[in-house]
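Q: How do the labels given to a model follow from its numbers? Please take them one at a time.

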Amino acid sequence: MPGCKTAATHKTCTANLELSMKNILLHTALMTILFLVSQSFIFAQVVVSPQGPVTSIKEAVQMAGPGETIEVHSGIYYENDILIDKKLTLNGIGNPVINGNGQGFLLIIRADSVIVSGFSLQKTGRSYIRDYAAILIEKSAGFVIENNRIDDVFFGIYLAETDGGIIRNNDVRAYDTREASSGNGIHLWNVKNPKITGNSVMGMRDGIYLEFAENALISDNISSENNRYGLHYMFSNGGQYVKNTFLKNGAGVAVMYSDNVDMTNNLFEHNWGGSAYGLLLKDITNSRIEDNRFYRNTVAIYSEGSTNVDIRRNHIEQNGWAVNIKSNSSRNRFTENNFIENSFDVRTDSPRNNNFFDGNYWSAYEGYDLTRDGIGDVPYRPVSLFSMIIERQPESLILMRSMFIRLLDQAERILPVLTPKTLFDENPKMQRIQ
Amino acid sequence: MKLLSHIIKTEWKSLLRGKWVIGYTLIFLILTDTLLRFGGGGPETLLSLSNVMLLFIPLVGMIYGILYIYQSREFVELLLTQPIDRKVLYWGLFLGISTPLMAAFIIGSLLPLAWHGILALDGGSAALVLGLGGMLTLIFVSLGFVFGLMFYDDRIKGFGFTIVIWLFLAILYDGLVLMLVFLFGDYPLEQFVIVVSMLNPIDLARILVMLEFDISALMGYTGAVFNRFFGQNTGLVTASGMLMVWLVIPTWLGLRIFRKKDF
């Protein structure tokens with residue numbers, strides 16, 4: 001088999017070999033040779049250290065052949081726009097620092113299967129025109145970016161037109177407090193099958209931003225104190241995000257214009273403000289929101305124009321509004337959720353209701369259970385008259401929890417006049433759902 | 001000072017003999033324990049407790065204050081024949097009956113909270129609710145004293161007045177505020193509603209409870225005045241300060257009437 005010397009063609013060779021099933025012995029021999037050849041490539045490495053002989057990462061990248069490893073020892077390297085256009089492994093030993101001096105990108109990756117790990121990346125350029133990032137990955141596949149600390153940058157990790165790849169255990173942070181002049185922590189544009197896991201992002205514009213990302217898996221990340229959204233999901237179908245924590249973000253988490261998104265086991269906490277939401281849904285269809293915990297957000301779940309979303313087994317506690325659902329949302333199902341001591345349970349802007357509430361636990365429910373089946377005998381109406389009053393006269397917010405308001409609410413619940421007549425939970429649970 | 005503590009102690013003894021205060025403690029003990037057993041955990045219980053507190057403590061405090069003035073008329077008049085400073089006597093009587101009432105609420109609610117482990121969990125919120133309950137007890141006992149002294153000979157009028165005042169402050173006042181908000185809805189009203197709420201001690205306590213439990217909803221309101229009031233410590237400080245004023249004015253008024261009164 002000619003042309004099977006490099007590891008890059010290894011795959012195609014193997015495929016070719018498998019096609020010719022006749023000479024098994026020959027195959028084995030060839031495979032062994034190939035294996036040895038690729039091994040020798042992996043072991044080849046270039047060492048960069050401040051003491052020399054190679055003192056610059058750019059230089060090392062030029063010297064190294066495809067498939068080789070560059071080992072960078074601790075020190076500060078003032079370099080930017082380091083272009084990696086072949087398969088390389090960049091290993092930081094002892095947390096070496098690459099400082100861009102406020103100019104350009106730091107690493108630009110334009111080859112498949114590049115591995116970057118153990119670096120400290122600081123000070124990219126800032127611009128209103130170009131999205132300078134600590135690591136830019138373009139048109140590549142199979143890369144691994146892990147255990148890096150990215151600090152004081154414009155954009156953190158920027159993926160464009162990639163396929164696959166793993167972004168793991170990185171720490172991204174910046175300190176700009178203005179929305180317009182800060183960049184995103186992990187930015188994905190037009191990518192397929194990315195895995196973003198175990199990262200921590202802080203103080204960026206959007207913690208994790210996805211646009212046209214297909215089948216993204218976002219798990220175990222912590223996104224906190226970002227100027228806008230902790231996670232911003234746009235036009236990205238079929239992804240899932242699980243076990244993430246979104247804390248104290250300017251506007252919470254936004255999921256927009258996407259289908260088939262799975263949102264499970266996440267934590268949405270302390271997202272406060274006039275337009276802050278634990279989770280904002282806009283034009284979402286056929287998705288799942290399960291086993292999440294919403295704690296002390298101004299609005300836990302805000303929904304505009306979403307259809308056919310399953311909201312199940314979430315724990316929604318001590319938020320201003322548990323659910324704010326606009327009338328253009330339809331066929332969404334709220335089942336088996338715990339609504340605990342939210343100032344308001346559900347808010348809506350129309351007397352009609354196209355959504356479905358059933359079998360939730362509402363701590364504000366005052367009904368009884370004579371049949372002893374754990375389900376209240378009278379339906380619960382989660383939209384209170386007071387929330388309608390506030391809609392019209394926001395100043396009356398100061399009367400919250402007053403006896404007079406409670407009496408009004410009670411009267412309205414018994415005989416609904418102003419609140420949506422069809423919005424109720426037919427089977428409210430008497431006990432919290434575990 | 002010795003005299004003051006002597007009067008207070010005598011009051012305590014007679015209260016304990018009456019067993020009334022013990023019953024009051026038991027009511028809160030059973031109530032809080034039941035709430036904790038059947039109403040789920042921390043914030044839910046504390047909110048229910050604060051609802052009860054906001055509604056009943058003013059009523060009980062005021063009725064108890066006025067009742068005391070009427071019942072111990074002979075005792076007070078007897079003491080007044082002795083060479084005792086009226087100021088000392090007034091403070092002795094006031095503290096002698098308001099502190100056991102306050103203690104009854106605080107201990108009665110505190111014990112179940114402690115043995116259900118809520119104190120460790122939501123200590124700050126619990127302290128706030130209990131503290132506010134104590135404060136409201138003081139305020140409304142002193143209001144009861146004022147009405148008792150004002151209508152010293154006309155008991156029916158005195159009781160009637162107390163009930164009406166309670167009904168007004170606890171329920172009707174907020175209805176009135178809501179009506180005004182709707183009447184003048186076209187004008188900027190934020191400052192107005194804040195000032196108006198400051199004039200009612202029950203509303204003040206309610207706002208403090210709200211600041212503790214509903215801050216996330218309050219932050220959803222975009223008006224600048226509200227945001228400043230609720231968002232920073234302004235609301236907390238102003239409301240607590242106004243509660244103090246509400247304590248000082250009735251006690252001072254009661255003292256004034258007591259000193260000038262020809263018994």
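A: Two residues are in contact if their C-beta atoms, placed from the backbone, lie within 7 Å. In this predicted model, that cut-off applies within chain B, where residues 24 or more positions apart account for 83% of the contacts with a separation of 6 or more.

Q: How many helices and strands does chain B have?
A: The count for chain B is 12 helices and zero strands. A helix here needs at least four residues, a strand at least two. Read from the N terminus, the elements run α-α-α-α-α-α-α-α-α-α-α-α.

Q: What share of chain B is called buried?
A: A residue is buried if 20 or more other C-beta atoms lie within 10 Å of its own. Of the 263 residues in chain B, 41% are buried.

Q: Which residues and elements of chain B touch chain A?
A: By contact, 31 residues of chain B meet 30 residues of chain A. On the chain B side, the elements giving two or more residues are α3 (42-71), α7 (155-183), α8 (190-198), α9 (201-213) and α10 (215-218). The largest share, eight residues, comes from α7(B).

Q: How do the residues on that side of chain B divide?
A: They divide into 18 nonpolar, eight polar and five charged.

How values were computed: Residues are numbered from 1 along each chain as its sequence is written. Chains are lettered from A and ligands numbered from 1 in the order in which they are written. This is a predicted model: local features need pLDDT of at least 70, side-chain atom pairs count only at pLDDT 80 or more; totals for chains, interfaces and linings use all residues. Ala, Val, Leu, Ile, Met, Phe, Trp, Tyr, Cys and Pro count as nonpolar, Asp, Glu, Lys and Arg as charged, and the others, Gly among them, as polar. A residue is buried if 20 or more other C-beta atoms lie within 10 Å of its own, exposed if 12 or fewer, and partly exposed in between; C-beta atoms are placed from the backbone.
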